[in-house]
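Trainee: I'd like to learn how to read a structure like this one, feature by feature. Please start with a single side chain and build up from there.

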Amino acid sequence: MSVSVIACELIANPLLNMYLRCIYLSENKDANQMHVFGLDYLTQTPMRLTKYTDYAMRLMIYLGSRPSGLSSIREISDTFSVSQNHMMKVVQDLANAEFLESVRGRNGGIRLARPTNEINLGALLRHTEGLTDLIDCHGCRIAPACALPSVLSEATAAFVAVFDKYTLADLVGKRSALGELLGFGGHSSR
């Protein structure tokens, strides 16, 4: 059976949960028919990002929307009602990966390491998700003849390709509205 991706769209709801709906064209050689179906239809659940990536995206949106200056982990944690310890782990990881700059000391804090238009969402997603195999086929009886891993690999590539088209600047395009919602007015940053 051959499967090819026809179209993908990124779906985001107001709570910042995101998933990708991919439409595939599958040729069933036995029935000599064409079928169109969505990945979310196959799994009955949308492809979801981890909480870690969710926190990383919120953090980056916060910093990208903020007027210039430093932010504290506490203020970001409080804004999103996220554990300060969890946010600290995300910040350390993103600072090590050079998405963020961390300034130590009494007047320290964090800020973006680069302008928002230079921070690619696909690179951020690859970093936070790891994006290894979606399923573990080790020890599976049908693994030698199963095509599911290649379909999932193609779906993952399509998923990331959508994120590759966007930068953080695209997410914070409405800085004044985001700034008001986040509590720092309509001033823009980088």
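Trainee: What is the relative accessible area of R126, and how is R126 classed?

Mentor: Under 20% relative accessible area a residue is called buried, over 50% exposed, and in between partly exposed, using a 1.4 Å probe and protein chains only. R126 has a relative accessible area of 39%, so R126 is partly exposed. Keep in mind that this is a predicted model, where local features need pLDDT of at least 70, side-chain atom pairs count only at pLDDT 80 or more, and totals for chains, interfaces and linings use all residues. Residues are numbered from 1 along each chain as its sequence is written, and side-chain values use heavy atoms, with hydrogens and water left out.

Trainee: Which side chain does R126 meet in a salt bridge?

Mentor: The idea first: a salt bridge is a side-chain nitrogen of Lys or Arg within 4 Å of a carboxyl oxygen of Asp or Glu. By this rule the model has 4 salt bridges. R126 pairs with D164, at 2.6 Å from N to O. Because R126 sits in helix α5 (residues 121–129) and D164 in helix α6, the pair ties together parts that are 38 residues apart in sequence. D164 has 31% relative accessibility and so counts as partly exposed.

Trainee: What is the partner of R66 in a salt bridge?

Mentor: R66 pairs with E75, and their closest N and O atoms are 3.8 Å apart. R66 is buried, at a relative accessible area of 18%, whereas E75 is partly exposed, at 24%.

Trainee: Which strands do R111 and E101 lie in?

Mentor: Start with the contact: the side chains of R111 and E101 form a salt bridge with an N to O distance of 2.8 Å. R111 is in strand β5 and E101 in strand β4, so this pair ties together parts 10 residues apart in sequence. R111 is partly exposed, with a relative accessible area of 30%, and E101 also counts as partly exposed, at 31%.

Trainee: In which sense do β4 and β5 pair?

Mentor: Two strands pair if DSSP finds at least two bridges between them. Strand β4 (residues 100–103) and strand β5 (residues 109–112) are antiparallel, with 4 bridges.

Trainee: Now for aromatic rings. How many aromatic pairs are there?

Mentor: A pair of aromatic rings is described by the distance of the centres and the angle of the planes. Rings of Phe, Tyr and Trp (its six-membered ring) pair if their centres lie within 6.5 Å; planes under 30 degrees apart are stacked, over 60 edge-to-face, and the rest tilted. By this rule the count is 2 aromatic pairs. For Y62 and F80, the centres are 6.2 Å apart and the planes at 75 degrees, so the pair is edge-to-face. This pair links distant parts of the chain, with Y62 in helix α2 (residues 51–65) and F80 in helix α3 (residues 73–80), 18 residues apart. Y62 counts as buried, at 3% relative accessibility.

In the pair of F159 and F163, the centres lie 5.3 Å apart and the planes at 55 degrees, so the pair is tilted. Both F159 and F163 belong to helix α6 (residues 148–164), 4 residues apart, about one turn of the helix. Both are buried, F159 with a relative accessible area of 3%. F159 and G122 are 37 residues apart in sequence, yet their C-alpha atoms are 9.2 Å apart in space.

Trainee: At what angle do α2 and α4 pack?

Mentor: Axes are lines fitted to C-alpha atoms, for helices over the stretch in contact, and angles run from 0 to 180 degrees between N-to-C directions. α2 and helix α4 (residues 84–96) pack at about 75 degrees, with their axes 10 Å apart. The two are therefore roughly perpendicular (65 to 115 degrees; under 35 is roughly parallel, over 145 roughly antiparallel, and the rest oblique). Contact means heavy atoms within 4.5 Å. In α2 the residues that meet α4 include Y55 and L59, and their counterparts in α4 include V90 and L94.

Trainee: And what pattern does the whole protein chain follow?

Mentor: Along the sequence it reads β-β-β-α-α-α-α-β-β-α-α-α-α, with 8 helices and 5 strands. Of its 190 residues, 34% count as buried.
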